[in-house]
Amino acid sequence: MRSTPTTKRLSLSEWFKTITFYEILVGMKATLSHLINYRPVTLQYPHEKRTLPDNYRGMLALLRYDDGTEKCVGCDLCEAACPSRVIRVVSAEVPGEPTKRYSKEYYMDMTRCLFCGMCVDACPVDALGMTREFEWAVYDKRQLHLNKQQLLAIGDRSFPVREKRLELQHPNVAFFNVAFSHVPPKPN
Amino acid sequence: MVTEFGLRLAISLTQIGAVMCIVVITVLILTLAERKVLGWMQDRMGPMEVGPYGILQPFADAIKLFFKEDIVPAGANKFIFTMAPILCLIPTFIGFAVIPWGPNWTFEINGIVVKPFVISDINIGILYILAFASLAAYGIILGGWASNSKYSLLGGLRSAAQVISYELNVGLSIVGVLILAGSLSLVKITDAQTGWFWNWHIFALPAPQIFAFVVYVISVVAETNRVPFDLPEAESELVAGFFTEYSGLRFAFFFLAEYANMVLVSCVASALFLGGWNAPYPGTLMELVGLSSWSWIESTMWFAIKTYSLLFLFFWLRATLPRLRYDQLMRFGWKVLLPIALANIVVTAIAVFIYQRI
């Protein structure tokens, strides 16, 4: 409530605008112009989808080389890089090849993932990839607790073109985690 | 005698059924049209999923409301809680009884005079509508009170104050038209506006009712609790106002009552101010081409066009204006609209008096 009445004298044009609801008519003209020049910005989502940007960061996936072996070497760097503790890696030696390691178990709790892509950056062998999948709504959130097989399956369906093995890509590429035939297997 | 009574009853029931069907279909169209028009005005699409371009959305809504759980809140006065939506709905539908939908024709069946385009032409038609429109406020207030919820009660109280304040303006803005037409019957008022469109009461000499029309439109927007006067159901303040606690079919009744009330006030406005079923030119085009028995189609179409234009105005205002503050609402109603309506009565009365003396 105003304590002092602040009535100022209206000029004739202001008075005319008041009694003809000029401001309201301006607003109504604006809404009507939108009705006439009807250009909706809506995308009918399930029926039409927007084109994703090239660097879209969607669902995470584990990748394979072109001969079908997993890229992951079980180094745990993704687990260390992850800010939300999404990833859990259980690393192990490849049975029978003592110089070579792999991830025996690999879990991702996608309910926590914030899709920052730091695990992909951290991976030394490019074993992780971010797909363009984003429709991962599920009825049970335990379905978002993914294991290695599921992650590899996502990678298989999202990245059909696979890289060659590192040591076969170029003679100057540094490689590691390769089995050497002259190293005798560990007695187990 | 029994057969005559039976015939009258059958004719009346047929007319009532037809009018009810038209009103309910109009309400169905309105629920979709409102969402579509609002969407288009806001660069959206509105409902698009049910049926092509969402045209079956009203049926989906109706089915959903029909099968929803009917909840009575704890501590509610169950009887009044149940009665309130009906009390809100029935007065609105009753008002359609005196609306003239088409030309004032009569025909006889076995000596009974039937007016096909008005259910009952009573000589106090507009008073009857105003009286029953006031009863609908009881439904809102009692619904708000019986819900045993503070939001409902606040919404109901706001509605009581608002509906009563603005009904006064509706009643007073109509008086000018009544002076010009010299009758309270909507049929006679509409008949007084035949001829060119400058015979409509909004433009009619000796006292154009343009100010009364503006006051009427603003007041009925307030009376039907529509934006920008939707304080009784202000979403951002009171969850949903007086029908916060209502669900299912009872909520549907309130919803139906609100939209039917919109249709009713638009019909009354077009009958009182915009010439009702009269075309803007004298006679009808159908008569000119020699189809005078089909000219009622043209007349009812003009009535529909006028009514739907006013209903579009409701949506247009809703898309444009924000909600008023409560003190602004009351100040506008009592300090602006009421003096204009009163001054209009005085000016109209003097003008008509002088006009009759000349």
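**Entry 1: ground rules.** I am looking at a predicted model, where local features need pLDDT of at least 70, side-chain atom pairs count only at pLDDT 80 or more, and totals for chains, interfaces and linings use all residues. Residues are numbered from 1 along each chain as its sequence is written, while chains are lettered from A and ligands numbered from 1 in the order in which they are written.

**Entry 2: confidence.** I looked up pLDDT, the predictor's confidence in each residue, from 0 to 100. Chain A has a mean of 85, with 91% of its residues at 70 or more. Chain B averages 84, and 99% of its residues score at least 70. For the complex, I noted an ipTM of 0.73 and a pTM of 0.80 from the predictor.

Which element of chain A has the lowest mean pLDDT? I found that helix α6 (residues 166–169) of chain A does, at 75, while strand β5 (residues 145–146) of chain A has the highest, at 92. Helices here are DSSP runs (H or I, at least four residues), as are strands (E, at least two), numbered from the N terminus. A reminder to myself: where pLDDT is low, the predicted coordinates should not be read in detail.

**Entry 3: domains of chain A.** The assignment gives domain 1 (12–41) and domain 2 (60–169); such bounds come from an automatic or database domain assignment. I read 57 Å between the C-alpha centres of the two domains of chain A.

**Entry 4: where the chains touch.** The contact takes 13 residues from chain A and 12 residues from chain B, counting two residues as in contact if their C-beta atoms, placed from the backbone, lie within 7 Å. On the side of chain B that touches chain A, α1 (2–41) and α10 (295–320) of chain B each supply at least two residues. That side of chain B divides into eight nonpolar, two polar and two charged residues. The classes are nonpolar (Ala, Val, Leu, Ile, Met, Phe, Trp, Tyr, Cys and Pro), charged (Asp, Glu, Lys and Arg) and polar (the others, Gly among them).

**Entry 5: α3 and α4 of chain B.** Helix α3 (residues 78–94) of chain B packs against helix α4 (residues 125–146) of chain B at about 160 degrees, with the axes 8 Å apart. Axes are lines fitted to C-alpha atoms, for helices over the stretch in contact, and angles run from 0 to 180 degrees between N-to-C directions. The pair α3(B) and α4(B) is therefore roughly antiparallel (under 35 degrees is roughly parallel, over 145 roughly antiparallel, 65 to 115 roughly perpendicular and the rest oblique). I listed the residues that meet, including B:Phe81 and B:Leu87 in α3(B) and B:Phe132 and B:Tyr138 in α4(B). The contact of α3(B) with α4(B) has 16 nonpolar, three polar and no charged residues.

**Entry 6: α7 of chain B and its partners.** How do α5(B) and α7(B) lie to each other? The axes of helix α5 (residues 150–181) of chain B and helix α7 (residues 210–223) of chain B come within 8 Å and cross at roughly 155 degrees, so α5(B) and α7(B) are roughly antiparallel. Their contact has 10 nonpolar, five polar and two charged residues.

Next I checked α7(B) against helix α11 (residues 326–357) of chain B: the angle is about 140 degrees and the axes are 9 Å apart. That makes α7(B) oblique to α11(B). Among the residues in this contact are B:Phe211 and B:Ile218 of α7(B) and B:Leu337 and B:Ile340 of α11(B).
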